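Please keep the sequence and the model in view while reading.

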Amino acid sequence: MSKRISKQTLKKLLAWFWEVREEYFFREERNPYRVWVSEVVLQQTRIQAALKPLQRFFHHFPDVASLANASEEKVVYEFRGLGYYSRARNLRKGALYLTENFSGKLPKTYDELLQVPSIGPYTAAAIASICFDLPHPVCDGNVKRVLLRVNKWPLVPRDPQTDKKCIQQLQKLYKGLPAGDTNEAIMELGQKICTRSKPKCGDCPISEYCKAYAEDVVNDYPMKAQKPPKVDVNWHIFIVKRGEDILLQRWNDFYFLKKQVAFPSLLEFPQDGMQKCSWSDSKHSVSQLIKKYEAQPLKTLKHGITKHRISIFPHVISSKTWEKNTNKNTLLWTPQQQVPEYLVSSALNKIWKSFANSENLHDENT
Ligand code: SF4
């Protein structure tokens, strides 16, 4: 048996896929809008974690028009639980573009799909193949892992050369095969059998074609890239109370959290002695602010965002004023029962719950 991926390999894979496939609600009827949104989400969020938030998102935005007509804040809020919120903003931009240029429909060619904000080569290939049966291979982490092992290619997944090689190889084989199902079959194999750790080669429908398996070197593939060094961050959050109101701040571009409503915050970077404030370039250090406002600490929380290893330090302050050098347009004194409606990040929601418990607030939202 030749250890080379061929049309025969993909046919075997398809036969397996048609037996084990799970029909997810977002792929029912191959609705291009739903496939678009879900593929954007699933590139960075695991499918099991995404199911519930996606269902809620589609409940609020069942089609391109409803997404285009919603405010950016509403779209970001309904995206909660999925993380990486720039994707929510880009989806809305995409919906506006589709409304203006394609009467609210997804275009049917790969090149036109690529023009839509939020749609890159992976998403364009997924929509083109799944919805319109066009022969465009998708190339995500699962596909690359499978092909790097089957071919025993000494490449790392993040190398753009890897994408190029994978797509070239598959493109030659897709003629005459159902493109959408073939893409889904390879992705499903990567998700369920050819997993990152402990792949189940004994259950693999294409093990007879796999070079890494034949040579017993599966664990050496894909080759590992060097990880970027971790960056430590101390995130100081100031929960400022004025009677029943809480001070929130509208952030435009604040380091790793962009365009969100959150609490005034200060970031410390212990590795290089730098600090950044959400309200201005404050000359105050954290300890000076704590002293000035007689801040009371809440429980510290650990959190991770991409390469950042974050320790969150919440501080509660009772004050009618806040730092003078803050742009007043960004501040919102908000009734405390409405605060959860603004908080998108899971870390901020945890902090708010901890604050609500400490204050004995028993609102249904908290
Ligand atoms: S035999 Fe193992 S390594 Fe090769 S494709 Fe199948 S699961 Fe992946």
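## Aromatic pairs

Phe26 counts as buried, because its relative accessibility is 0%. The model in which this value was computed is a predicted one. Tyr24 is likewise buried, with a relative accessible area of 8%. The rings of Tyr24 and Phe26 lie 5.4 Å apart from centre to centre, and since their planes meet at 5°, the pair is classed as stacked.

Tyr33 and Phe58 form an edge-to-face pair, with 5.9 Å between the centres and 70° between the planes. Because Tyr33 belongs to helix H2 (residues 32-42) and Phe58 to helix H3 (residues 47-60), this pair ties together parts that are 25 residues apart in sequence. Tyr33 and Phe58 are both buried. Ring pairs also join these residues into a cluster, whose members include Tyr24, Phe26, Tyr33, Trp36, Phe58 and Phe79.

## Nonpolar cores

The largest nonpolar core contains 81 residues, and Tyr33 and Trp36 are those with the most contacts inside it. Helix H8 (residues 121-132) contributes the most to this core, namely nine residues.

Which residues is Trp36 in contact with, leaving aside its neighbours within four places in sequence? Among them are Val64, Leu67, Leu91, Leu98, Leu106, Pro117, Thr123 and Ile127.

## Helix H13

Helix H13 spans residues 286-293, and Val286, Leu289 and Tyr293 in this helix are buried. These three residues lie on the same side of H13, because they cover an arc of only 60° around the axis. Ser287 and Lys291, on the other side of H13, are exposed.

After H13 comes Glu294, which has a positive phi, near 50°.

## Charges over rings

Arg80 lies over the face of Tyr77, at a distance of 4.1 Å from the ring centre. In another such arrangement, the charged end of Arg242 sits over the ring of Trp333, 4.2 Å from its centre.

## Annotated domain

According to UniProt, in an unreviewed entry, the feature "domain: HhH-GPD" is placed at residues 41-192. In the predicted model, the span of residues 41-192 is 67% helix and 0% strand, and its end C-alpha atoms lie 19 Å apart.

Key
Residues numbered from 1 in each chain as written. Predicted model: local features only at pLDDT ≥ 70, side-chain atom pairs only at ≥ 80, totals over all residues. Heavy atoms only, no water. UniProt positions renumbered as here; feature names shortened; annotations may be inferred. Helix = DSSP H or I, 4+ residues; strand = E, 2+ residues; numbered from the N terminus. Core = buried A, V, L, I, M, F, W, Y, C linked by side-chain atoms within 4.5 Å. Buried < 20%, exposed > 50% of the residue type's maximum accessible area, 1.4 Å probe, protein only. Contact = heavy atoms within 4.5 Å. Arc of directions from axis to C-beta. Phe/Tyr/Trp six-rings, centres within 6.5 Å; stacked < 30°, edge-to-face > 60°. Lys NZ or Arg CZ within 6 Å of the ring centre and 35° of its normal.
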